[in-house]
Amino acid sequence: MRELIVSELSLAYHEFARELAHLLPQLIEMLIIALLGWLIAYILKVIVRTVMRLVRFEKLSDNVGASQLLNKVALPSSTELLSRLVFWVVWLGFVLIGVSVLGIVGLQEYISRFFLFLPHLFVALFIVFFGLMAASFFSRAALLAGVNANLPSARLLSMAIRTIVITFVLSMAFEELGLAEETMLVAFGIAFGALMLGLAIAFGIGGQDLARQFLERRLVHKKKEEKEDELSPL
Amino acid sequence: MAEESVLTDDFLRQLINVGEVDILVGLPTHNNATTIGPVVQAIQAGILRSFPRERAAIINADGGSRDGTPEVVTGASIDDTRYKSGVYALRTLHSISTQYARTPQSGAALRTILAAAELLRAKACAVISPESVSIGPEWIDHLIRPIYKNGFDFVAPLYRRNKFEGLLMRNLLYPMTRAIYGAKVREPYASEFGFSARLGSQFLKQEIWSHEAGETGPEMLLTMFALAGGYRLQQTFLGTKAHVDHGSRDLVPAMRQTVGALFWSLDPSFPKWSAVTGSQAISTEGCEHEVTLEAVRVNRKRLYEMFRSGIAELDPVLSSIVSAATLAELQRIAGLAEDDFRYPAELWAKTVYEFAAAYHTSVMSRDHVIQALAPLYRGRMFTFLLENRDATAEKVENNVELLCQEFERLKPYLLELWNSGK
């Protein structure tokens with residue numbers, strides 16, 4: 001009996017030692033890959049940060065309103081955020097490659113899914129950034145046009161345009177990521193519809209005077225309103 | 001002659017048939033049938049009277065008129081003019097019309113005229129506004145003679161104006177141009193002007209035509225180019241500047257056309273203007289300025305309210321353009337009651353310079369920078385109207401001079417902003 005136990009234990013030990021001997025090089029390989037990945041990711045992070053600073057990405061981000069948005073949710077600057085994102089995506093990629101070396105069954109599929117997801121992530125980020133840029137441009141254009149046309153609610157109009165564009169952009173980004181597609185679509189439909197309905201009601205009830213003034217200005221030539229323009233600026 | 005490519009084949013054929021000319025008068029038009037007839041007759045009379053021995057051509061660059069403007073130009077009978085003026089030309093006076101586009105574009109119009117002038121080897125050219133209903137035949141002589149006979153390269157006009165007309169010119173364009181380029185050109189944006197073949201050819205070669213400033217404000221850019229390039233300039237008194245009523249003429253397009261072009265010109269000419277200090281008078285023919293004092297009805301309250309609402313609504317935009325100190329000062333004056341409101345010359349000059357620097361660094365769309373200046377200009381306009389309500393012509397002139405001096409005094413501030421890249 002005792003001999004049997006010793007023999008079994010010895011067999012288990014040899015099995016474990018063989019497995020360990022088989023796994024150890026793979027573990028070392030994984031660690032090397034992860035370490036190398038960390039180094040490459042860090043170098044890429046520094047490069048991205050430097051390039052962003054050289055092209056004054058921070059300023060561009062300020063102009064499109066992305067910096068203010070990040071500030072509000074206590075996130076670091078856009079340059080820092082983007083360089084960190086590059087670092088984590090690259091390093092995580094290397095770690096996953098390293099893990100795949102271990103040959104764990106079932107993990108391969110998740111790893112390949114991750115790599116397939118990466119292009120979508122970058123496209124979504126691209127959509128969000130340029131969407132914010134478009135939202136900022138169009139809302140500012142509306143604000144300036146409204147102020148110069150002496151509209152009483154120029155800022156409201158500008159904010160409405162910004163909200164519509166950002167909602168549209170976020171729904172596009174979520175669709176690209178494939179996250180809660182239907183929820184986002186429905187949410188967007190409800191938000192957009194509510195906004196339009198709200199604007200229609202506001203314009204129809206709250207803005208009766210504004211609508212009348214607008215139509216009068218369009219259809220009835222009230223020259224006295226244009227006195228400023230009688231002074232030729234040139 | 002690469003500029004031939006901007007001319008249509010038909011137009012090119014007509015120009016080749018003309019051969020060479022000594023004098024060319026350009027007429028950029030768009031639906032000006034109601035005013036163009038007398039303008040063409042005045043041009044013809046001016047050429048017959050002052051340059052009867054010279055070969056001359058009138059070139060009409062039309063932007064897709066639908067009211068028969070080109071037909072009026074080409075159909076204006078020289079015989080009527082001869083009969084009225086009693087002078088006979090010794091040469092044929094050619095009138096050619098071409099449509100450069102289906103919609104009016106001042107850049108394309110001027111480019112067409114410049115290209116035609118270069119092709120015809122015109123020695124002296126003038127551009128006349130089709131809306132200048134107060135034009136007399138002597139305008140042609142005043143604009144072309146200094147170039148044709150006295151070797152000047154650019155002739156800017158001087159007009160008799162009401163004290164409240166041309167406020168953008170008096171409050172921004174003249175003071176800033178004078179401070180920047182050191183030359184006292186009273187009308188840097190001119191709808192009538194003369195230029196030499198040398199200046200026209202050089203300007204035509206500039207890489208400006210595809211830029212927005214080149215498309216909307218080429219006249220302003222031509223003046224800036226002449227100033228920065230060290231060309232010989234003269235200004236000449238033409239008489240009353242008639243104002244054609246446009247109904248709802250907008251301030252913003254006028255600012256794009258002039259202020260936008262002025263700001264844009266600062267980039268390429270920086271080495272030149274950064275070294276200029278003070279300002280010098282330029283050669284002037286006739287009186288330098290003539291101001292009429294008739295009363296003008298203006299809705300001042302509206303200007304004041306638009307300034308105030310502009311400051312309140314545009315806060316996020318203005319904070320990206322002007323400094324915190326300037327914005328605080330603007331907000332302070334926006335809080336003043338109508339009777340106490342003043343937009344001081346120093347603050348105005350600082351504001352304009354900060355806008356110019358913001359345009360230079362493109363803190364946002366450059367067109368938005370120009371649009372954001374419009375409500376502030378209304379505040380300055382209000383102050384100008386108030387300060388000069390009962391002022392004599394001398395007092396108005398004195399106030400304009402003080403403003404110009406303020407722009408000159410603060411020029412180092414603009415350079416500081418420029419060099420710091422803020």
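Let's start with R121(B): with 14 C-beta neighbours inside 10 Å, R121(B) counts as partly exposed. Here is how that label works: 20 or more other C-beta atoms within 10 Å of a residue's own make it buried, 12 or fewer make it exposed, and anything in between is partly exposed, with C-beta atoms placed from the backbone. R121(B) is found in the loop between α5 and β4 of chain B. Its phi is near 55°, which is a positive value in a residue other than glycine. For background, most residues other than glycine have a negative phi.

Before going on, a word on the model: it is predicted, so local features need pLDDT of at least 70 and side-chain atom pairs count only at pLDDT 80 or more, while totals for chains, interfaces and linings use all residues. Residues are numbered from 1 along each chain as its sequence is written, and chains are lettered from A and ligands numbered from 1 in the order in which they are written.

**Chain A**

What is chain A built from? Its secondary structure comes to nine helices and zero strands. (Helices are DSSP runs of H or I with at least four residues, strands are runs of E with at least two, and both are numbered from the N terminus.) Buried residues make up 16% of the 234 residues in chain A. Contacts here mean two residues whose C-beta atoms, placed from the backbone, lie within 7 Å. Of the contacts in chain A with a separation of 6 or more, 63% are between residues 24 or more positions apart.

Now for some single residues. W38(A) has its place in helix α1 (residues 2–54) of chain A, and L24(A) is found in helix α1 too. L24(A) is exposed, with 10 other C-beta atoms within 10 Å, whereas W38(A) has 15 C-beta neighbours inside 10 Å and counts as partly exposed. Each can be paired with a residue elsewhere in the chain, as the table shows.

| Pair | Apart in sequence | Apart in space, C-alpha to C-alpha |
|---|---|---|
| W38(A) and S136(A) | 98 residues | 36 Å |
| L24(A) and L102(A) | 78 residues | 9.6 Å |

Chain A also has a residue with a positive phi. N150(A) sits in the loop between α5 and α6 of chain A, and its phi is near 60°, a positive value in a residue other than glycine. With 18 C-beta neighbours inside 10 Å, N150(A) counts as partly exposed.

**Where the chains meet**

How many residues does each chain bring to the contact? Chain A gives 19 residues and chain B gives 35 residues. On the side of chain A that touches chain B, the elements giving two or more residues are α5 (107–148), α6 (154–177) and α9 (227–230) of chain A. The largest share, seven residues, comes from α5(A). By class, that side of chain A divides into nine nonpolar, four polar and six charged residues. (Ala, Val, Leu, Ile, Met, Phe, Trp, Tyr, Cys and Pro count as nonpolar, Asp, Glu, Lys and Arg as charged, and the others, Gly among them, as polar.)

**Chain B and its two domains**

The domain assignment of chain B gives domain 1 (2–292) and domain 2 (300–420); such bounds come from an automatic or database domain assignment. The C-alpha centres of the two domains lie 30 Å apart. Across the boundary, 26 residues of domain 1 are in contact with 25 residues of domain 2. Which elements give two or more residues to the domain 1 side? They are α7 and α11 (251–266) of chain B. The largest share of that side, 10 residues, comes from α7(B). The domain 1 side has 15 nonpolar, six polar and five charged residues.

So let's look at α7(B) itself. Helix α7 (residues 167–181) of chain B has 15 residues and reaches 20 Å from its first C-alpha to its last, close to the 21 Å expected at 1.5 Å a residue. (That expected span is 1.5 Å times one less than the number of residues.) α7(B) bends by about 35° at L173(B), and a proline, P175(B), follows within four residues. The bend is the angle between axes fitted to the seven residues ending at a residue and the seven starting there. Since 15 of the 15 residues of α7(B) are buried, the helix is largely enclosed by the rest of the structure. After α7(B) comes G182(B), whose phi is positive, near 70°.
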